[in-house]
Amino acid sequence: MQQDTAVITVTPKAASKARQLAAREGRPEASLRVRVTAGGCSGFSYQLSFEDGPATGDLVAIAPDGFRVLIDPVSAPIVQGSTLEFNDALLGGGLKMVNPQAVHECACGESFSV
């Protein structure tokens with residue numbers, strides 16, 4: 001069973017871009033999964049992927065336009081209070097998690113520690 005939650009905030013720009021990327025992959029109804037994995041130079045990294053629906057126990061953050069972001073129960077405490085944003089800068093742009101719990105981010109921007 002899924003649980004709708006406000007564990008993260010999804011900006012309208014991030015939801016729009018994620019929806020475009022899912023459609024480009026031929027999956028216009030897909031949801032974005034945000035998962036925290038061990039690894040990277042700072043201890044943790046984010047893994048983003050598209051899935052057709054939530055898994056058992058997933059928390060679901062719903063953007064203002066209805067786009068859904070899935071968070072597994074293990075990742076949820078680590079991303080609590082984060083914001084999924086989209087930056088269209090040529091260098092370093094893309095979907096990005098802004099996590100207030102991160103005490104250090106690697107210079108590459110790909111990993112973090114809490």
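**A guided reading of the predicted protein chain**

Of the 114 residues in the protein chain, 37% are buried, where buried means under 20% relative accessible area, exposed over 50% and partly exposed in between, judged with a 1.4 Å probe and protein chains only. The model is predicted, and local features need pLDDT of at least 70, side-chain atom pairs count only at pLDDT 80 or more, and totals for chains, interfaces and linings use all residues. Residues are numbered from 1 along each chain as its sequence is written, and side-chain values use heavy atoms, with hydrogens and water left out.

The protein chain contains two helices and 10 strands; these are DSSP runs numbered from the N terminus, helices being H or I of at least four residues and strands E of at least two. Read from the N terminus, the elements follow the order β-β-α-β-β-β-β-α-β-β-β-β. Contact means heavy atoms within 4.5 Å, and among contacts between residues at least 6 apart in sequence, 54% join residues at least 24 apart.

One place to begin is an open sheet of three strands, ordered β2-β7-β8 with mixed pairing. Strands β2 (8-10) and β8 (94-98) stand at its edges, each with a single partner strand, so one side of each has no neighbour in the sheet. On average, neighbouring strands of this sheet are turned by 25° against each other, direction ignored; axes here are lines fitted to C-alpha atoms, for helices over the stretch in contact, and angles run from 0 to 180 degrees between N-to-C directions. Two strands pair if DSSP finds at least two bridges between them. Between β2 and β7 the pairing is parallel, over three bridges, and T9 has T83 in β7 as its bridge partner. Strand β7 (residues 82-87) pairs with β8 in the antiparallel sense over five bridges. T83 also has a bridge partner in β8, namely V98, while F86 stands opposite L95 in β8. Helix α1 (residues 12-24) lies across β2, β7 and β8 and runs at about 65° to β7.

Another pairing involves β5 and β6, which run antiparallel and are joined by four bridges. These two strands form a hairpin with five residues between them, and G66 in the turn has a positive phi of about 95°. Within this pair, L59 stands opposite I71 in β6.

The largest nonpolar core has 24 residues, of which I8, V10, L32, F67, V69, I71 and L84 touch the most other members. A nonpolar core is a set of buried Ala, Val, Leu, Ile, Met, Phe, Trp, Tyr and Cys residues joined through side-chain atoms within 4.5 Å. Two or more residues each come from β2, α1, β3 (31-38), β5 (59-62), β6 (68-71), α2 (76-79) and β7. Helix α1 gives the most to this core, with four residues. Leaving out residues up to four places away in sequence, I71 touches V7, I8, R33, V34, D58, L59, A61, A76 and V79.

R33 counts as buried because its relative accessibility is 1%. Its side chain is joined to that of E51 by a polar contact of 2.7 Å and to that of D58 by one of 2.5 Å. A polar contact is a pair of N or O atoms within 3.5 Å; within protein, one must be able to donate a hydrogen and the other to accept it, and residues adjacent in sequence count only if both atoms are side-chain atoms. Beyond its neighbours within four places in sequence, R33 is in contact with residues including Q47, L48, S49 and A55.

V34 is also buried, because its relative accessibility is 0%. With residues up to four places away in sequence not counted, V34 touches residues that include Y46, V69, S75 and M97. The C-alpha atoms of V34 and M97 are separated by 9.1 Å, although the two residues are 63 residues apart along the chain.

S31, likewise in β3, counts as buried because its relative accessible area is 2%. The side chains of S31 and R68 make a polar contact of 3.3 Å. Setting aside neighbours within four places in sequence, S31 is in contact with S49, F50, E51, F67, R68 and L70.
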